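Here is a short note to read beside the model. Please keep the structure open while going through the points.

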Amino acid sequence: MTTRIDRRMAKLKAEGRPALVTYFMGGDPDYDTSLSIMKALPKAGADIIELGMPFSDPMADGPAIQAAGLRALKGGQTLVKTLSMAHEFRKADDETPIVMMGYYNPIYVHGVERFLDDARAAGIDGLIVVDLPPEMDAELCLPALKAGVNFIRLATPTTDDRRLPRVLQNTSGFVYYVSMTGITGSALPDTSKVSVAVRRIKAHTELPVCVGFGVKTAEQARAIGASADGVVVGTAIVNAVANVLDGKGGRTADPAQAVATLVSGLAQGVRSVRLAAAG
Amino acid sequence: MNKPATANSFRTGPDEQGMFGIFGGRFVAETLMPLILELEHEWNAAKNDPAFRAELDNLSTFYAGRPSKLYFAEGLTKHLGGAKVYFKREDLNHTGSHKINNCLGQILLARRMGKKRIIAETGAGQHGVASATVSARFGFPCVVYMGATDVERQKPNVFRMKLLGAEVKPVSAGHGTLKDAMNEALRDWVTNVEDTYYLIGTAAGPHPYPEMVREFQSVIGKEARQQILEQEGRLPDVLIAAVGGGSNAIGLFHPFLDDREVKIIGIEAGGHGLDGDEHCASMNAGKPGVLHGNRTYLLQNEDGQIKDGHSISAGLDYPGVGPEHSWLRDSGRVEYVPILDDEALEAFQVTTKVEGIIPALESAHAIAHAMKIAPKMKKDEIVIVNLSGRGDKDVHTVASMMGMEI
């Protein structure tokens with residue numbers, strides 16, 4: 001069965017350009033503002049939305065996403081509210097794929113079967129769960145696949161050729177290549193190394209390969225997008241929100257507008273890949 | 001889920017997936033997974049290698065000072081007027097706690113794996129000191145992550161680590177305690193995975209750490225079992241140990257698990273009481289969840305967000321527990337009970353006065369429970385308490401609790 005992710009990726013492939021995958025933290029700094037950010041993303045040029053599920057102990061995240069998660073939790077965000085955001089979003093947009101990204105414990109505590117039912121009802125297309133490697137597939141990956149929800153796996157520089165087939169085995173939607181060994185928001189490594197890694201993964205799979213961790217500018221998005229099927233931007237978007245918060249509950253500008261401005265620039269970056277190829 | 005133990009034994013876990021029943025496992029980011037598998041491979045090779053065993057035994061004897069004594073606490077026994085109380089004197093080890101047992105084992109493994117750099121997390125600082133010690137001994141650079149709150153309340157240990165050449169990095173996220181230090185250590189590890197060995201201090205984390213740390217700490221229970229047979233001609237009636245992550249406890253308990261006549265009790269930090277959030281009694285007041293690479297009992301809210309908890313003792317100030325303890329709890333083999341801050345403080349003072357031994361606040365929790373049950377037991381019954389560490393590091397905390405300036 002095809003999902004919104006499959007359809008969107010096929011469409012972009014036909015257009016000859018990479019996808020812009022945008023991560024934001026659900027509930028940061030509060031539910032309503034965060035929903036307005038989510039709604040602004042497709043209009044600004046995002047092709048796929050990664051909806052962050054805040055967790056108290058995000059052990060693979062850098063300071064920016066840690067702080068965003070804490071702001072969201074302080075603002076009262078819960079897994080149920082994050083699902084409800086997706087539900088609200090779907091009322092006006094039934095095309096843009098939504099991937100929920102976060103850590104396993106809130107899902108486990110909610111109950112895996114109940115979560116999958118709720119996620120499907122909310123129009124969720126895929127899941128990225130950082131602390132569930134293939135060794136733990138029985139927990140959520142296999143039930144998700146059975147429920148028709150894509151389980152998008154992370155591949156990393158430490159995932160060697162021997163291990164890659166295992167990582168890819170139950171992956172669907174796309175493969176998320178983590179550009180470096182490190183936490184979110186670190187500096188982007190040499191893009192030529194990234195393109196070598198993308199070629200290595202593509203030799204093992206037909207799935208699209210999106211690259212994330214460290215992409216912050218339109219120029220980087222363009223450079224990564226030249227070899228990958230998609231570019232993931234997270235920390236830069238989360239920072240765009242943080243930058244307009246005054247730390248006292250007020251804001252110096254509209255967070256949704258700040259995110260839209262950033263994402264428009266990034267969208268031009270990925271769209272220039274097609275222009276370059278065509279020209 | 002596979003059952004790790006047969007009906008006849010509580011000592012066969014974990015299974016090949018690293019599970020103790022539903023607990024344990026390998027809930028880590030993909031970046032770490034290849035390294036976790038390599039570690040498991042090296043650990044399996046090392047534990048069957050007589051040369052590895054011989055080197056560890058030699059260091060345990062001549063460097064750490066093992067075997068530690070099983071001491072008849074005559075003063076405390078008289079004071080309580082009931083069962084005979086014995087202390088397993090892990091406080092007499094080099095560095096002053098049981099933590100050295102695990103650190104010596106893991107540093108040999110790090111060297112065997114060709115790693116160049118050691119990282120560790122610490123709560124009370126006992127594991128940080130032990131990690132800094134073995135790093136100095138074997139010539140590794142060492143970075144210790146420690147919650148900012150703990151840096152403040154465990155100053156003597158912070159200075160010891162620095163003297164030993166380790167870099168102590170304070171972590172101010174959350175409440176600035178052990179949980180936050182562990183998050184930050186994991187972030188370092190995921191960033192420096194190629195050359196860095198993560199020396200986890202307790203029997204928790206992703207498989208194979210819970211099993212490996214238990215094996216290195218089981219020397220405590222093996223010795224105690226032999227010593228009590230020599231000194232009393234029989235097994236004890238009760239074993240008691242404090243449980244934070246639970247490495248000293250599993251080390252004492254594991255060799256006795258199949259001795260069904262021995263009652264085994266783990267002590268959780270009851271803090272200010274289990275009614276509110278000011279405690280760290282994850283097995284009495286928490287529920288199963290996934291954190292720091294394993295599934296185990298955790299203090300968490302209904303949304304699966306981890307709570308910070310509280311204990312007077314930095315070493316018990318952790319909202320989770322090693323997965324084997326969770327399994328032993330559910331299987332009913334071990335009973336886990338809370339001891340309040342005040343009760344631990346009282347035990348700390350009594351032990352100091354009647355035994356001339358200043359126990360670590362962690363160990364004082366275990367002694368406090370012995371003080372509750374020993375008076376009700378017969379005089380020929382035997383209780384062994386794991387005196388997991390010495391209390392010099394805690395004198396600042398105790399002084400401020402008593403309203404004294406030092």
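The points below cover the basis of the model, the chain contact, a helix pair and a sheet.

1. Basis. This is a predicted model: local features need pLDDT of at least 70, side-chain atom pairs count only at pLDDT 80 or more, and totals for chains, interfaces and linings use all residues. Residues are numbered from 1 along each chain as its sequence is written, while chains are lettered from A and ligands numbered from 1 in the order in which they are written.

2. Chain contact. Chain A brings 33 residues to the contact and chain B brings 26 residues. Residues are in contact if their C-beta atoms, placed from the backbone, lie within 7 Å. On the side of chain B that touches chain A, the elements giving two or more residues are β2 (23–27), α1 (33–47), α8 (178–191) and β11 (287–291) of chain B. The most comes from α8(B), with 6 residues. Helices (H or I, at least four residues) and strands (E, at least two) are DSSP runs, numbered from the N terminus.

3. The side of chain B that touches chain A has 13 nonpolar, 8 polar and 5 charged residues. Here Ala, Val, Leu, Ile, Met, Phe, Trp, Tyr, Cys and Pro count as nonpolar, Asp, Glu, Lys and Arg as charged, and the others, Gly among them, as polar.

4. A helix pair in chain A. Helix α3 (residues 63–74) of chain A packs on helix α11 (residues 235–243) of chain A at an angle of about 55°, and their axes are 9 Å apart. Axes are lines fitted to C-alpha atoms, for helices over the stretch in contact; angles run from 0 to 180 degrees between N-to-C directions. α3(A) is therefore oblique to α11(A) (under 35 degrees is roughly parallel, over 145 roughly antiparallel, 65 to 115 roughly perpendicular, the rest oblique). From α3(A), the contact uses Ala64(A), Ile65(A), Ala67(A) and Ala68(A); from α11(A), it uses Thr235(A), Val238(A), Asn239(A), Val241(A) and Ala242(A). By class, this contact of α3(A) with α11(A) has 7 nonpolar, 2 polar and no charged residues.

5. A sheet in chain B. An open sheet of 6 strands runs in the order β3-β4-β14-β9-β10-β13 (chain B), with mixed pairing. Strands pair if DSSP finds at least two bridges between them. At the edges are β3 (70–72) and β13 (334–340) of chain B, each pairing on one side only.

6. Inside the sheet. Strands β9 (residues 238–242) and β14 (residues 382–387) of chain B run parallel, joined by 3 bridges. Ile240(B) has Val385(B) in β14(B) as its bridge partner.

Note on methods. Contact = placed C-beta atoms within 7 Å.
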